[in-house]
Amino acid sequence: MNLFTETNLSPDILKAIGELGYESPTEIQKQTIPFISSDIRDLIALAQTGTGKTAAFSLPILDMIDDSSRKIQFLVLCPTRELCLQIAKDIKNYSKYLPNIKSVAVYGGSSINDQIRALREKPQVIIGTPGRVIDLINRKSLDFSNIHWLVLDEADEMLSMGFKDDLETIISETPDTKQTLLFSATMSKEVERISKNYLTNPHRISVGSINEVKKNIKHEYYVVGYRQKKEALKRLIDYNPNQYSIIFCRTRMETQEVADFLMQNGYAADALHGDLSQAQRDTVMKKFRMRNIDVLVATDVAARGLDVDSLTHVIHYSLPDDPEVFVHRSGRTGRAGRDGISIALIKPEEGRKLKQIKSQSKIEIFEKKIPTGKDIIKAQVGGVFEKLFSEHENYFEFDESLIPDLSNFTKEELVGKLLQFQLRDLALYYENRNDLAEQKFSKGEVERDRGNRRERTRDRDRDRDRGRERKIRRKNEDMVRFFFNLGKRDDLKKVDVLDIINQSTKKPGKKADIGDIEILEKFTFFEVEKSFKNEVLSNINNKKFKGRDMRLEVAN
């Protein structure tokens with residue numbers, strides 16, 4: 001029985017989703033579809049990725065679109081190209097038997113001229129990323145004066161990526177009479193603020209909230225010092241053979257460092273972060289979906305739009321600040337009825353943060369000891385047999401006459417020799433290494449760990465600065481002081497500011513002198529040689545740093 005019939009969707013929609021295998025609505029669909037179909041109020045819906053949000057908002061709207069009109073009636077905004085394409089694909093499938101409804105996806109990293117040509121077909125549905133939508137508005141290729149429905153999907157991510165001003169600009173191009181539907185995994189302060197400013201008396205739906213944690217995910221954490229973190233990660237990957245996992249890091253730099261470490265140690269791994277070009281991102285995601293790599297190291301933002309049902313593990317290399325992000329990350333495993341494992345690596349001083357995550361999420365997270373070399377070899381032997389016995393097909397026609405005479409060996413001796421051969425290198429690696437399982441952390445060691453990291457950061461910045469072989473300071477009268485809208489909370493470092501300035505002041509045969517750089521919590525001041533003032537202003541404004549818009553002005 002197809003329970004979607006109870007939602008009063010049209011036969012054409014029901015036929016399309018029936019062919020896609022949709023039988024019973026998810027919780028978000030049960031609550032959202034009837035509301036959108038019968039109510040004109042705005043909506044705030046809190047739901048995690050993977051709960052069926054796209055169908056929840058698009059099915060009832062596709063049913064109500066006037067397909068005789070060639071005006072844009074339905075706009076979906078989302079944070080990433082990948083999510084944009086996924087939503088566009090879903091909407092195309094849902095409207096399979098609605099031939100007069102056209103939809104177009106618009107996003108960065110692809111030809112804007114091709115997208116402009118597609119818009120000349122007069123679609124009623126637009127799915128887009130904020131930056132490209134702004135570009136097309138400026139080119140007079142998009143007109144939202146007649147839209148009836150505006151969906152802000154993954155609103156928390158769009159705001160965390162610095163799209164706040166873009167969203168406000170786009171919303172200002174839409175009529176006050178539209179219905180705005182805001183979907184978000186978390187209800188951050190920014191999401192709350194934008195909902196107050198742009199939604200009118202919204203109805204609220206909350207599904208898969210932070211307290212509704214999947215029961216089929218086992219949560220573990222391991223305490224490890226900063227210096228041993230990568231080695232501990234290697235051990236945990238080796239201890240969990242045959243895994244297909246995402247490792248979450250906080251920053252682009254950390255993501256690349258961890259991926260490089262794993263690749264150098266022979267793992268089929270790669271990195272996914274905001275500094276990659278779109279072609280590089282597409283390549284990495286394709287390799288991961290095809291399982292040409294089985295370990296993906298990613299930032300939270302970059303992993304949005306990557307929908308994979310068969311992940312066995314999620315590893316939190318760095319804990320997020322928001323407990324809801326922890327739940328959201330962990331929920332990427334344990335899908336489609338499978339069991340999953342969520343592993344957190346925490347530094348000694350992060351006990352309070354972990355306690356906050358446990359308290360707010362109501363998750364039981366069990367402390368485990370980092371596996372010893374013997375534990376790892378034992379797990380690897382189990383992994384060999386697990387893989388052997390789970391794959392029943394014959395890979396190729398095999399001539400058994402090629403097997404030499406093995407009559408001098410018992411079955412056990414033969415299996416032992418094959419395992420020795422298979423696991424020899426790994427066993428030798430761990431043979432003479434100190435185990436990390438019995439680490440003890442005194443209060444002094446915790447403080448030293450903090451201090452060492454601060455010192456390493458200072459040393460790294462100092463070395464990078466020296467390597468530039470240039471003067472950093474000049475007299476104040478030769479410099480112009482700028483106000484820059486990013487700061488410590490945006491993970492901005494001195495070396496980043498130097499790189500940004502260098503990229504903006506490239507003149508043949510001459511380099512700009514740089515003065516004081518003062519990075520504060522929410523913004524930054526820096527000084528640059530006066531003759532480079534115009535280059536700095538024109539080349540930095542409206543560019544991106546880690547997904548956030550950069551804005552600059554001369555400081556008073």
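Helices (H or I, at least four residues) and strands (E, at least two) are DSSP runs, numbered from the N terminus. Two strands pair if DSSP finds at least two bridges between them. The structure is a predicted model, in which local features need pLDDT of at least 70, side-chain atom pairs count only at pLDDT 80 or more, and totals for chains, interfaces and linings use all residues. Residues are numbered from 1 along each chain as its sequence is written, and side-chain values use heavy atoms, with hydrogens and water left out.

Seven strands form an open sheet with parallel pairing, in the order E3-E4-E2-E5-E6-E1-E7. The edges are strand E3 (103–106) and strand E7 (203–206). Each has a single partner strand, so one side of each is left without a neighbour in the sheet. From one strand to the next, the twist averages 15 degrees.

Val104 stands opposite Ile126 in E4. The chain crosses from E3 through H5 to E4, and this β-α-β crossover is right-handed. That is, with the strands pointing away from the viewer, the path from the first strand over the helix to the second runs clockwise. Val106 stands opposite Gly128 in E4. Helix H5 (residues 112–119) lies across E3 and E4 and runs at about 160 degrees to E3. Axes are lines fitted to C-alpha atoms, for helices over the stretch in contact (heavy atoms within 4.5 Å). Angles run from 0 to 180 degrees between N-to-C directions.

A second open sheet also has seven strands in parallel pairing, in the order E10-E11-E9-E12-E13-E8-E14. Strand E10 (269–272) and strand E14 (366–367) stand at its edges. Each has a single partner strand, so one side of each lacks a neighbour in the sheet. Helix H12 (residues 278–289) packs on this sheet and touches strand E9 (245–249), E10 and strand E11 (295–299). The direction of H12 makes about 135 degrees with that of E10. Glu220 stands opposite Phe366 in E14.

Two residues were examined individually. Tyr94 lies in helix H4 (residues 81–94). Tyr94 is buried, with a relative accessible area of 2%. Buried means under 20% relative accessible area, exposed over 50%, and partly exposed in between (1.4 Å probe, protein chains only). Beyond residues up to four places away in sequence, Tyr94 touches Ile13, Ala16, Ile17, Leu20, Tyr22, Thr54, Ala55, Ser58, Leu59 and Leu62. Ser58 is 36 residues from Tyr94 in sequence, and their C-alpha atoms are 8.3 Å apart. The side chains of Tyr94 and Tyr22 make a polar contact of 2.9 Å. A polar contact is a pair of N or O atoms within 3.5 Å; within protein, one must be able to donate a hydrogen and the other to accept it, and residues adjacent in sequence count only if both atoms are side-chain atoms.

Asp156 lies in helix H7 (residues 155–160). Asp156 is also buried, at 7% relative accessible area. Its side chain makes a polar contact with that of Ser184 (3.4 Å). Neighbours within four places in sequence aside, Asp156 is in contact with Ser184, Ala185, Thr186, Val191 and Arg304.

The protein chain holds 20 helices and 20 strands. Of its 556 residues, 48% are buried.
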